[in-house]
Amino acid sequence: MADLDFTLTATPLLGGAKHQIGENQIVERDDLALVSVAIPLGGDAAVAKALKSGWGLTVPEPTVSSVAQDIRAIRTGPDQLILVFPHTTPDARAFVQAKIGEAGYTTDQTDVWVVLEISGSDTLAALERLCPLDVARFAKGGSARTVMEHMGAMIVHLSGDRFLLLSASSSAQSFLHAVELSYRYVTG
Amino acid sequence: MTQSHRIDGGQIDRSRSLKFEWNGKKMAGHPGDTLASALIANGVQLVGRSFKYHRPRGIFSAGSEEPNALVQLRKGAAQEPNTRATTVELFEGLAATSQNHRGSLEWDLMAANDLLARFLSAGFYYKTFMWPKAFWEKLYEPVIRASAGLGNLSGQADPDSYDHGYLHCDLLIIGAGPAGLAAALAAGRSGARVILADEDFVMGGRLNAETHEVDGQPGADWAAAAIAELSAMDNVRLMTRTTVYGSYDHGIYGALERVTDHLADAAGKPRQVLWRLYTQRALLTAGATERSIGFGNNDRPGIMLAGAVRAYVNRFGAAPGRRVAVFTNNEDGLRTAEDLKAKGIEVAAVVDARKGEYVLNTVGRRGLKSITLSTGPTIPIDCLAVSGGWSPNVHLTCHHRGRPVWRDDIAGFVPGEGLPPGMTVAGAANGAMTLAAALNKAHEAGASLASALGAKGNAGDAPTGSDENFDATPFWYVADSKPRAWVDLQNDVTSKDVKQSHQEGFRAVEHLKRYTTLGMATDQGKTSNILGLAIMAEASGKTIPETGTTIFRPPYNPVAVGAFAGRARGKEFRPTRLTPSHHWAKENGADFVETGMWLRAQWFKRSGEKGWRDSVDREAAAVRKSVGICDVTTLGKIDIQGRDAAEFLNRIYSNPFLKLPVGKVRYGLMLREDGVAYDDGTTARLTETHFVMTTTTANAVTVFRNMEFARQCLWPDLDVHLISTTDGWAQFAVAGPNSRALLQKVVDDLDLSNDAFPFMACTECTVFGGTPARLFRISFSGELAYEVAVPARYGDAMMRGLMAAGEEFDAVPYGTEALGVLRIEKGHAAGNELNGQTSAQNLGLGGMVSQKKDAIGTKLSTRPEMNRDDDLRLVGFRPKDKSILLTAGAHFLNPGDPEDMAHDQGWMTSVAYSPELGHSVGLGYLKQGSERMGETVRAYSPVRNQDILVEVCSVHHIDPEGVRQRG
């Protein structure tokens with residue numbers, strides 16, 4: 001045991017940002033954990049089974065995430081997916097590994113990403129300035145990896161005009177600025 | 001000034017008046033005016049001076065093809081030169097000035113050039129400024145530069161903002177004239193997802209400028225109804241003020257939307273948006289552009305394209321003249337006379353080239369006064385409407401190297417083979433030159449494209465338009481005219497210049513363009529290209545199709561560089577990456593340096609420190625004396641898992657990794673395929689199937705990408721998986737003799753003794769009572785050292801915790817400069833040494849390229865040239881005179897040798913002042929360096945004026961046996 005009376009407190013990347021721009025909201029979702037699951041060579045069936053038994057989740061398609069209860073799976077590569085779920089303690093990987101056992105290799109990705117939830121009536125217009133993909137045609141739950149203002153990103157369609165945007169945590173401030181500016185440029 | 005030339009009718013809002021300034025004079029116009037139409041309404045004819053001869057020029061067209069009426073718009077930093085008055089929408093407070101004159105517009109001193117015209121013909125630069133040679137830089141170039149160009153830049157940073165955007169559609173329709181509207185109605189009604197873009201601020205194209213009827217109603221009314229119907233469709237997006245300027249690969253089009261250019265105040269919104277349009281299909285309905293006829297002094301203010309005269313009269317309610325003549329070679333030109341008469345404007349003459357009548361010459365310096373006809377009479381007029389026929393706007397069809405083909409019946413080029421994939425052309429752009437034909441063809445194209453894209457709705461009927469007579473008889477220029485006849489108004493190219501180009505052997509069309517500048521600059525020869533070609537064809541005794549045409553490239557119209565840059569300006573040129581301890585560092589006097597996109601603390605200034613060296617020396621010394629803490633989060637971290645992860649690493653690194661035990665870290669060297677060393681770092685084995693690799697900051701992405709390629713493409717049979725965790729872990733180097741004591745206070749229940757946790761050990765653990773962490777015993781400084789990582793969200797707290805725990809040891813934070821000092825003292829290679837040219841042998845790490853296995857680069861690293869005994873070796877250097885500071889980049893010479901490359905012995909890669917040793921130390925590559933310990937060589941740096949003697953020594957300036965890091 002460390003002999004200091006000192007415990008570490010987590011600092012949200014953007015201070016738990018909540019921004020209102022016109023009718024629209026940008027919220028930092030620092031309550032979500034992200035854990036990647038790599039599918040071992042030849043282990044597709046085992047991962048599918050583990051996701052099913054663990055949460056009732058199906059293996060997501062490359063363009064559409066799957067959801068069960070409050071956990072979402074996003075396909076991020078041929079043999080890789082990322083699970084997103086509410087979880088604030090730094091043991092998300094252990095939580096997932098316990099559920100899926102030996103079926104997949106897990107890596108905690110919570111701190112790798114900044115997660116913004118954006119919503120509001122100008123959201124599609126703002127995304128036209130930010131995201132090269134045809135988000136207006138996304139199915140519910142649609143997901144993709146892309147690039148926004150030179151930053152690697154992921155986008156997930158939650159419902160209506162609500163989306164999750166993910167990008168690298170180290171450039172979280174630049175990312176938030178890009179998202180904010182996109183709203184400001186299209187909001188009346 | 002009153003609007004002396006304002007007449008009835010048009011699509012302007014007379015209920016509101018807009019005040020504007022032209023060359024400081026106050027004038028007024030109406031919403032719906034362009035600057036050009038407002039100037040015409042105010043009786044202004046002279047608006048600018050020509051490029052070369054500084055001839056007085058007036059408004060020539062009513063669209064983006066304008067070659068003459070280029071003005072400077074707005075004031076101060078926002079001033080924009082070379083803006084076409086014909087496309088500028090009038091707004092309250094608009095301020096514009098004329099350009100390209102010395103003195104006033106009316107009395108331009110540079111007009112003297114016109115008197116020297118015979119010396120300034122095509123190619124005069126090439127002939128005139130040949131000698132004497134010395135005059136070029138001193139005299140000719142400064143003079144030419146001073147007089148070249150058109151408008152002036154403000155010299156200040158552009159205060160406006162620009163943006164980029166992305167749009168998607170089934171069908172992009174380019175141009176919203178009659179054809180574009182008909183196609184959009186058909187496709188939109190069918191249910192296709194349509195974008196209809198037009199560069200004008202009102203859709204309708206020529207329908208707004210002509211008196212044609214569509215479906216039994218005035219064309220402009222039909223257009224307004226069509227726009228209203230399209231606006232109501234959810235599947236159709238109408239984009240006015242939007243120029244589709246280029247066609248790119250995969251159905252992508254570039255478009256520039258002028259979002260706030262027409263507003264006095266942009267209210268914080270971007271001025272322009274550069275759109276990338278992703279399309280399934282594109283339909284080009286860009287219409288046609290009218291061209292002129294060459295005749296003597298055909299460039300005077302008041303001489304305009306006939307279609308423009310109709311546009312000003314019919315659409316803008318502005319009369320370009322009180323007494324107008326028409327010179328035409330086609331039926332369409334005759335409409336001008338009818339339209340003018342209908343507006344009560346006197347038509348003094350209709351000169352029809354088809355009847356053998358020509359205009360020979362004109363008079364009127366600052367405005368047209370009269371024309372002289374081939375039949376004899378001189379007719380006083382103030383405006384001449386000229387029509388030499390119409391050229392289909394094929395520009396975008398050429399962007400994938402399509403070549404237009406000539407059609408004799410319309411005397412124009414139409415789209416040929418090689419259209420951009422997915423593009424269809426309809427209407428006048430495709431040679432359907434009458435309204436009825438254009439509407440029909442475009443409707444058909446819109447309906448069939450929508451249907452091909454899977455839209456199932458009813459496209460409705462094609463609109464019916466008047467099928468007017470389009471009888472074009474080619475007539476290019478008046479051969480009997482003695483005075484100069486202008487072909488290209490923007491570049492002052494005359495018919496004589498074109499003939500001279502032919503005489504002097506510049507006969508290929510592309511040569512003609514370069515030699516005479518025909519078709520260059522902002523208008524890209526929209527009104528002049530065909531005329532120039534026709535004259536060249538005649539001079540060479542060939543037909544126009546035999547002569548060919550220049551090819552069109554993007555952009556169709558000028559695009560501001562600011563629009564291409566978008567938001568990427570100044571600090572937003574690229575994203576900024578911050579380390580987890582950034583805020584703590586900022587609070588503690590850090591000075592930051594950009595390393596790639598990262599901001600890293602390079603030193604922490606303490607009170608009393610006068611310069612950076614004071615801070616860096618203190619930090620480096622403190623690490624060697626007690627303990628220091630450095631944020632090393634920026635190093636690339638890659639999580640590697642899988643049954644074959646060890647085998648994978650064994651193939652990636654040149655040194656063995658197969659048998660790295662769990663709980664151990666190993667230094668690894670990576671080679672490129674060609675055997676050159678490109679990255680180094682450490683990899684830790686956390687479990688049998690789980691490794692964590694660190695890379696250099698600079699190569700984090702490259703290494704990941706190369707490994708992903710190897711995994712997916714070279715060895716797909718291996719079970720190995722990669723994911724970046726660089727941003728996920730806040731990692732801190734804790735270095736110095738007291739690092740163990742410090743960390744023992746931080747980690748939970750872990751024996752850090754040398755036996756329990758020796759050099760190159762690693763483990764997962766917890767710190768500060770339960771926060772998950774990873775601990776590695778590795779050393780970049782050569783001291784007893786560790787790197788400890790926590791999830792990034794705890795990075796700020798961890799830095800504060802480490803500093804608190806280190807207080808009793810006088811722990812210091814240290815930055816990248818001290819980090820550099822420590823690694824140079826220890827002799828560790830970094831970016832300066834791994835410069836993309838160095839082999840493992842050069843680095844003195846030849847032993848790390850295992851010959852017992854195959855890894856990337858192993859084979860080619862054995863090439864003899866990379867293993868020469870006399871080749872460069874990395875060694876250490878110290879100055880003979882210890883008071884002298886070494887300089888990086890200095891070249892080594894043997895004492896007494898001349899200072900030339902033939903005697904070059906290598907170069908100094910890194911230097912630092914070592915507070916530990918009390919003098920400067922260096923690393924560098926020296927020929928046969930490892931065999932020259934103790935020798936003295938010269939470190940010669942002519943750029944820094946330094947030539948000193950240095951002694952060759954081990955790269956390990958401190959602790960060569962590595963006792964400290966293993967202690």
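pLDDT is the predictor's confidence in each residue, on a scale from 0 to 100.

**Entry 1: model and confidence**

I am working from a predicted model. I looked up the confidence of chain B first: the average pLDDT is 94, and 99% of the residues score at least 70. For the model I noted an ipTM of 0.97 and a pTM of 0.95.

**Entry 2: chain B overall**

I took the extent of chain B along the principal axes; its C-alpha atoms fill a box of roughly 110 × 75 × 55 Å. The chain has 967 residues, and 54% of them are buried. I counted secondary structure in chain B as 23 helices and 49 strands. Among contacts in chain B with a separation of 6 or more, 67% are between residues 24 or more positions apart.

**Entry 3: domains of chain B**

I checked the domain assignment, which gives domain 1 as 18–115, domain 2 as 628–822 and domain 3 as 864–966. How far apart are the C-alpha centres of domain 2 and domain 3 of chain B? They lie 31 Å apart. I then looked at the contact between these two domains: 9 residues of domain 2 of chain B meet 8 residues of domain 3 of chain B. On the domain 2 side that touches domain 3, I have 4 nonpolar residues, 4 polar and 1 charged.

I looked at strand β1 of chain B, residues 18–22, one face at a time. B:Leu18, B:Phe20 and B:Trp22 make up the covered face, while B:Lys19 and B:Glu21 are on the uncovered one. The general rule I had in mind is that side chains in a regular strand alternate between the two faces of the sheet.

I followed the pairing next. β1(B) runs antiparallel to strand β2 of chain B (residues 25–29), with 5 bridges between them. β1(B) also runs parallel to strand β7 of chain B (residues 94–98), joined by 3 bridges. B:Phe20 has a bridge partner in each: B:Met27 in β2(B) and B:Leu94 in β7(B). The hairpin of β1(B) and β2(B) has 2 residues between the strands, and I noted that B:Asn23 takes a positive phi there, near 50°.

**Entry 4: the open sheet with β39(B)**

I traced an open sheet of 6 strands in chain B, in the order β40-β41-β42-β39-β33-β43, with mixed pairing. Which strands are at the edges? They are β40 (762–767) and β43 (812–813) of chain B, each of which pairs on one side only. Inside this order I checked β39(B) against strand β42 of chain B (residues 785–791): the two run antiparallel and share 7 bridges. B:Ala730 stands opposite B:Val790 of β42(B).

**Entry 5: nonpolar cores**

I searched for the largest nonpolar core and got 106 residues, in which B:Phe732 and B:Val734 touch the most other members. Strand β39 of chain B (residues 729–735) gives the largest share of this core, 6 residues. The core draws at least three residues from each of domain 2 (628–822) and domain 3 (864–966) of chain B.

I listed what B:Phe732 touches, leaving out residues up to four places away in sequence. Among them are B:Ile629, B:Cys630 and B:Val632, then B:Val788, B:Met798, B:Met799 and B:Leu802. B:Asp631 and B:Glu787 are also touched by B:Phe732.

A second, separate core has 83 residues. I noted B:Ala96, B:Leu384, B:Val478 and B:Phe506 as included in this second core.

**Entry 6: helix α12(B)**

Is helix α12 of chain B (residues 529–539) mostly covered or uncovered? I found it mostly covered, with 9 of its 11 residues buried. The buried residues include B:Asn529 and B:Gly532, along with B:Ile530, B:Leu531 and B:Leu533. B:Ala534, B:Ile535, B:Met536 and B:Ala537 are buried too. After α12(B) comes B:Gly541, with a positive phi near 65°.

Note on methods. Residues numbered from 1 in each chain as written. Chains lettered and ligands numbered in written order. Predicted model: local features only at pLDDT ≥ 70, side-chain atom pairs only at ≥ 80, totals over all residues. Buried ≥ 20, exposed ≤ 12 C-beta atoms within 10 Å, placed from the backbone. Helix = DSSP H or I, 4+ residues; strand = E, 2+ residues; numbered from the N terminus. Pairing = 2+ DSSP bridges. Domains from an automatic or database assignment. Contact = placed C-beta atoms within 7 Å. Nonpolar A, V, L, I, M, F, W, Y, C, P; charged D, E, K, R; others polar. Core = buried A, V, L, I, M, F, W, Y, C linked by C-beta atoms within 7 Å.
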